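Here's a quick briefing to read alongside the model. Have the 3D view open and click along as you go.

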Amino acid sequence: MSVSQETIKNQSEAKLSVSKEKNTRGVLLTTALMAGYSMIYMDKNMISTAIIPIAEQFHLTTSQTGLIMSLFFLGYSLMQIPGGWLADKIGYKKVLMISLSLITIFSFAFGLAGSLLMFILIRFLAGIGHAGYPPSCSKGIAENFPKKRRTFVQSLILSTSGIGGILAFVIGARLIDLNWHYAYYALGTMFAISLLLVAFLVPNSHPPAKTKTEKKQVSFKSVISNRNVIILFVAMLLANVAFYGNMSWLPTFLKTKFSLSISTVGVILAVNAIGGTLASIFAGVLLTKYFAGKEKLLLMCCSVISSLLFLGLVFSNSLALSIAFLYVLTFLLTTIFVGIFSWPHKILPEKVIGSSIGIVNTGGTLGGFIAPMAFGALISMAGGSFSIVFITLAIAVVICGLVILNVKAEK
């Protein structure tokens, strides 16, 4: 009897040790992925502020500055699906490291650029570097966490959109106010640190042995033709037209309409980014605990209210009211984004998470490509007025909600 009890005790201790090891590995993985994602979002946010002194220094029009911001998303869009496919095929850690290496190089290069052509080319190549990171993160989550925890972990990592915004609008904006070149040298340094964290803290992928069944599951054709993948692709495109259309022109909008300094705009948007961080975490809790199976209801409500807030920005001449609209709007748009981005973890097989997220997020990056360039041209045509932009965003976000209603969840 005593031997049996000793054996049971040893087995329990062994299981506890394995559980602790898994938890430690999960924490380290999440920390490293969040660090890299924070830099990804810092880069995306910082360009909208940096473009103000760049435009003044090089006498660029809104159409030209919109082109600089949009070409980043073109490169992102072109490599998003290949990036997801590579994460499924060669392992997520390799793709993460390639992605961060490229972004580090092009961040330093942007700080050295001195012409419109170089700005466009470098941002395009930076977009290619960014493309592998989101699907590889999702693949890493799928491989290292049980299904019931993936949505929350994904939302936790996506909360870095706010952290990146805080970094962009506090540290980045202050450096840009001093000298925009310095901001990109600092950004490149932080990307290099993120690369080291991924290299040392992220576990290597362990792809399972291939079987005929598994080969069928990872068929790219079956993923790209999947009804839900197509619907989420379209929804993400519309959501990011709203998200990046808003984010790209907010600094210029606030500075122009209310005659604010870049530093003041940075403070407003930094607080907004804090709200985005909280929204991402809160969205994960809502989607996991309170709206599991009711995602359509939550996201449709967020879409309708967001549309009304966009219209509020058009008609409000009060800085305080506009800031309040902005903060609530960011909270709702972030919830929509997290909901769409994390949905594949619930309705698609683990084997195709990298590819499916790559396809879905390509819709998002196409939205990011379309919005800055198209709205820059619209602002020019409207003689500097931002009203047409926010009315268009109001329409786009409602259509996004209607598209989401067509997702078919497994019963």
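Start with two tyrosines: Tyr37 is buried, and Tyr41 is buried too (buried means under 20% relative accessible area, exposed over 50%, partly exposed in between, with a 1.4 Å probe and protein chains only). Keep in mind that this is a predicted model, where local features need pLDDT of at least 70, side-chain atom pairs count only at pLDDT 80 or more, and totals for chains, interfaces and linings use all residues. Residues are numbered from 1 along each chain as its sequence is written, and side-chain values use heavy atoms, with hydrogens and water left out.

**Aromatic pairs**

- The structure holds 16 aromatic pairs (rings of Phe, Tyr and Trp, the last by its six-membered ring, pair if their centres lie within 6.5 Å; planes under 30 degrees apart count as stacked, over 60 as edge-to-face and the rest as tilted).
- One of them is Tyr37 with Tyr41, a stacked pair at 5.5 Å centre to centre with 15° between the planes.
- Those two tyrosines are about one helical turn apart because they sit four residues from each other in helix H1 (residues 2-58).
- Phe72 and Tyr76 have ring centres 5.6 Å apart and planes at 85°, so this pair is edge-to-face.
- Phe72 and Tyr76 are also four residues apart, about one turn, in helix H2 (residues 62-90), and both are buried.

**An aromatic cluster and a charge**

- Phe58, Phe110, Phe119, Trp180 and Tyr184 make up one aromatic cluster.
- Arg123 lies over the face of Phe110, 5.8 Å from the ring centre (the cut-offs: NZ of Lys or CZ of Arg within 6 Å of the ring centre and within 35 degrees of the ring normal).

**Helix H11**

- Helix H11 (residues 227-258) has 32 residues, which at 1.5 Å a residue should span 46 Å; its end C-alpha atoms are 45 Å apart, so the two agree (the expected span is 1.5 Å times one less than the number of residues).
- H11 bends by about 50° at Leu250, with Pro251 following within four residues (the bend is the angle between axes fitted to the seven residues ending there and the seven starting there).
- H11 is mostly covered, with 25 of its 32 residues buried.
- Just after H11, Ser259 has a positive phi of about 55°.

**The whole protein**

- The protein has 17 helices and zero strands (DSSP runs numbered from the N terminus: helices are H or I, at least four residues, and strands are E, at least two).
- Of its 411 residues, 54% count as buried.
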